[in-house]
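Hi everyone, thanks for coming.

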Amino acid sequence: MRRLRATEPLRSLVRETHLAPSQFILPLFVCPGEGVRREISAMPGNFQLSIDELVKDCAEAASLGIGGVILFGLPESKDELASGAYAEDGIVQRAVRAIKREVPRLLVITDVCNCEYTSHGHCGKVVNGDVDNDATLEWLAASAVSHARAGADIVAPSDMMDGRVAAIRKALDGAGFANTPILSYAAKFASVFYGPFREAAESAPQFGDRRSYQMDPANGREAMREIELDIEEGADIVMIKPALPYLDLIRMARDRFDVPIAAYQVSGEFSMIVAAARNGWLDRERAMLESLTAIRRAGASIILSYFARDAARLL
Ligand code: PBG
């Protein structure tokens, strides 16, 4: 076996998996104000950005050939009804309009969820101490339509309510957005690895946790059911999240379903590598490329990653 490993040209000739910037999606956090570029302490190199600064990062992403960006919004204020999530002049809606005006060639995906917009930090409407599934669907559908109206190329629901893909599809079609695709966070686990994100998006739940709607990390077959249902409801792309601890499920999904598969290398996966590298315990670049390559090899054709920029620069 060693004959084909002897030199880099030989290794490169027989390499089975390749990374390309066009397969990466860069997550970005948009906040109110002007000239704001506030570093997220648990995610070095990532920032809460006001719209004017966000547009600069989007222009850079486009020039690096990155496949697109996904936007998360920090609203001016939060309330029980998540009104900022579906306001026509909400933070994400305004950000999308600005990006489409300044960097029209960049693909813009919007995260559709309520946790950044509710005062309690849960992903839906709380009724009697629990998240009410069907009441939340109306908010999600309204958010998705408002994002599409602002110019979003793809909407990406991440809330894990049942039936949300069908509800969003119906609302988009009804509002004249039959051509707007849905990237569904189909198998999203109740993971500890979202910790740094909740600082970034200021979206930690104020009581309880998300285990009554996000998946139990122990369940792989159930993940396949989630994906199957989302495809039936009209999802165009399905996602597994987190990525590295769930490579078995990326592979299982790749083998079973013929839609594009995305994987989200989440905040905690990013921060672990960065923290170890800062301590001198790991080589940052190699850990980044090895983890991204493993996610590709498992079968994801699209990777959401906070390393998108660094990786694109290297490739
Ligand atoms: C919103 C959402 C979360 C992430 C993406 N969309 C947080 C959560 O569910 O608590 C996590 C992304 C990351 O950790 O990088 N619901």
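I'll go through some ring pairs, then a cluster, then a couple of charges. Keep in mind that this is a predicted model.

So, how do we talk about two rings? A pair of aromatic rings is described by the distance of the centres and the angle of the planes. Counted this way, we get ten aromatic pairs here. Let's start with Phe72 and Phe197: their centres are 4.9 Å apart and their planes are at 80°, which makes the pair edge-to-face. Now look at where they come from. Phe72 belongs to strand 4, residues 68–73, and Phe197 to helix 7, residues 195–200, so this pair ties together parts that are 125 residues apart in sequence. Are these two buried or exposed? Phe72 has 3% relative accessibility, so it counts as buried. Phe197 has a relative accessible area of 13%, and because buried means under 20%, Phe197 is buried too.

On to another pair, Tyr264 and Tyr306. This one is tilted, with 6.1 Å centre to centre and 40° between the planes. Tyr264 is in strand 11, residues 261–265, while Tyr306 is in the loop between strand 12 and helix 12, and the two are 42 residues apart. Both Tyr264 and Tyr306 are buried.

Now zoom out a bit. Ring pairs join Phe29, Phe72, Tyr185, Phe197, Tyr264, Phe270, Tyr306 and Phe307 into a cluster.

Last, the charges. Tyr264 comes back here: the charged end of Lys241 sits over its ring, 5.0 Å from the centre. Over at Tyr194, the charged end of Lys188 sits over the ring, 5.5 Å from its centre.

That's my tour, thanks!

Notes
Residues numbered from 1 in each chain as written. Predicted model: local features only at pLDDT ≥ 70, side-chain atom pairs only at ≥ 80, totals over all residues. Heavy atoms only, no water. Phe/Tyr/Trp six-rings, centres within 6.5 Å; stacked < 30°, edge-to-face > 60°. Helix = DSSP H or I, 4+ residues; strand = E, 2+ residues; numbered from the N terminus. Buried < 20%, exposed > 50% of the residue type's maximum accessible area, 1.4 Å probe, protein only. Lys NZ or Arg CZ within 6 Å of the ring centre and 35° of its normal.
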